[in-house]
Amino acid sequence: MPSNEKEQDLFGFNNDSEEENDLSLDEEQDSRFTKTKLQKGSLNDESDASSDEESEAEDQQEEESDNEQQESNNDQEESDNDQQEESNDEAESDDQQDQLSDMEGYDAPDNLSDFGVISTGKNKKKKKIKALTPEELEKFEKARKKTGVCYLSRIPLFMPPSRVRELLKKYADIGRIYLVPEDPKITTKRKKYTKNNRRNYIEGWVEFKDKRDAKAVAEHLNMKQIGGKRKSRYYAEMWNIKYLPKFKWHHLTEQMAYEKQARQQRLRNEIAQTSRENKTYIQNVAKAKMLESIKERKRKKDANTEGNEAKVRRIFEQREKVEREVQPVDDSVKGLLGTIFSKK
């Protein structure tokens with residue numbers, strides 16, 4: 001029996017204690033992520049466990065809701081196909097609206113003053129911006145220069161920005177997070193064939209309060225398992241994170257604004273090109289109609305002239321010679337006629 005227990009432990013069936021030991025060893029290997037340092041910028045272990053349980057409960061609820069949606073959609077397909085087409089059209093329109101919103105993968109805390117951001121709060125009313133004093137400006141520049149940005153080359157399937165924040169906030173203070181959504185065509189196809197309405201992201205950026213922490217987190221977590229509890233959906237996923245030196249958040253926003261402006265310029269150019277092509281096409285159609293009408297009138301005129309010529313020939317056609325019997329003229333009449341028509 002003990003040998004069997006050892007074998008089971010080797011295969012990882014009853015190794016909860018070993019996992020804790022492995023985690024402790026990993027923490028001891030990197031001095032930058034000791035327990036005391038992690039506890040400074042993160043919540044207590046109880047709050048982390050509760051957040052993990054809440055996230056797992058949310059994942060389970062999402063899975064159950066997805067399964068219920070699949071069953072309901074299958075019933076609707078069997079009952080009525082017209083309703084399914086209408087729902088697909090509505091889903092496509094929703095995807096187009098989501099495509100227009102550029103910040104759908106954005107997540108940030110309410111207070112970003114420590115990260116070099118003046119405005120606080122998302123939903124608060126806009127107030128008049130006051131001029132910064134030299135001291136405030138210096139503080140703002142120091143906070144902005146101190147921040148660091150990491151790039152996530154791959155986001156686990158259906159992981160939202162809030163979940164990324166929960167997983168990374170235990171290592172350092174996190175500011176803004178932006179995840180790039182997948183192509184809307186792929187989303188519509190997945191919603192059509194799998195009936196899964198969850199969002200999927202392909203890449204992202206994470207802002208840290210201190211660039212040294214950002215660099216340390218990138219070195220520590222890159223190509224490591226996300227881990228957590230075995231029941232978690234993202235337990236076996238790997239981190240793909242890289243620190244971007246000399247890269248700040250305003251570079252990302254400037255690049256996004258530039259890409260948006262370039263996309264709008266391309267759209268304007270395409271619209272202008274299509275309008276020119278449409279205009280030339282309409283002009284060519286009108287010109288072709290005019291030439292066709294001229295040819296038709298000429299054809300009718302030629303046909304009329306040919307008909308008129310044939311008609312004239314028929315009108316002036318000579319008649320056949322008619323022979324009639326005439327009574328002979330008396331001599332007295334001949335003499336009278338001779339006197340009238342005689343040559344003098």
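The legends below describe close-up views of a predicted model.

**View 1. The five-stranded open sheet.** Five strands make up an open sheet in which the pairing is antiparallel, and their order across the sheet is β1-β3-β4-β2-β5. The edges are taken by β1 (106-107) and β5 (241-244), each of which has a single partner strand, so one side of each is left without a neighbour in the sheet.

**View 2. The pairing of β2 with β5.** Strands β2 and β5 run in the antiparallel sense relative to each other and are paired over four bridges. Within this pairing, C150 has Y243 in β5 as its bridge partner.

**View 3. The aromatic pair of Y151 and W205.** The structure contains one aromatic pair, formed by Y151 and W205, whose ring centres are 5.4 Å apart and whose planes make an angle of 50°, an arrangement classed as tilted. Because Y151 belongs to strand β2 (residues 148-152) and W205 to strand β4 (residues 201-208), the pair ties together parts that are 54 residues apart in sequence. The two residues are also described by their accessibility: Y151 is partly exposed, with a relative accessible area of 22%, whereas W205 counts as buried at 13% relative accessibility.

**View 4. A nonpolar patch on the surface.** The residues V329, V333, L336, L337, I340 and F341 form a nonpolar surface patch, and together they have about 580 Å² of accessible area. One of these residues, I340, is found in helix α11 (residues 331-341), and I340 is exposed, with a relative accessible area of 54%.

Technical notes
Residues numbered from 1 in each chain as written. Predicted model: local features only at pLDDT ≥ 70, side-chain atom pairs only at ≥ 80, totals over all residues. Heavy atoms only, no water. Phe/Tyr/Trp six-rings, centres within 6.5 Å; stacked < 30°, edge-to-face > 60°. Helix = DSSP H or I, 4+ residues; strand = E, 2+ residues; numbered from the N terminus. Buried < 20%, exposed > 50% of the residue type's maximum accessible area, 1.4 Å probe, protein only. Patch = residues over 30% accessible without salt bridge, like charges linked within 9 Å, V, L, I, M, F, W, Y side chains within 5 Å. Areas by Shrake-Rupley, 256 points an atom, 1.4 Å probe, with all protein chains shown as cover. Salt bridge = Lys/Arg side-chain N within 4 Å of Asp/Glu carboxyl O. Pairing = 2+ DSSP bridges.
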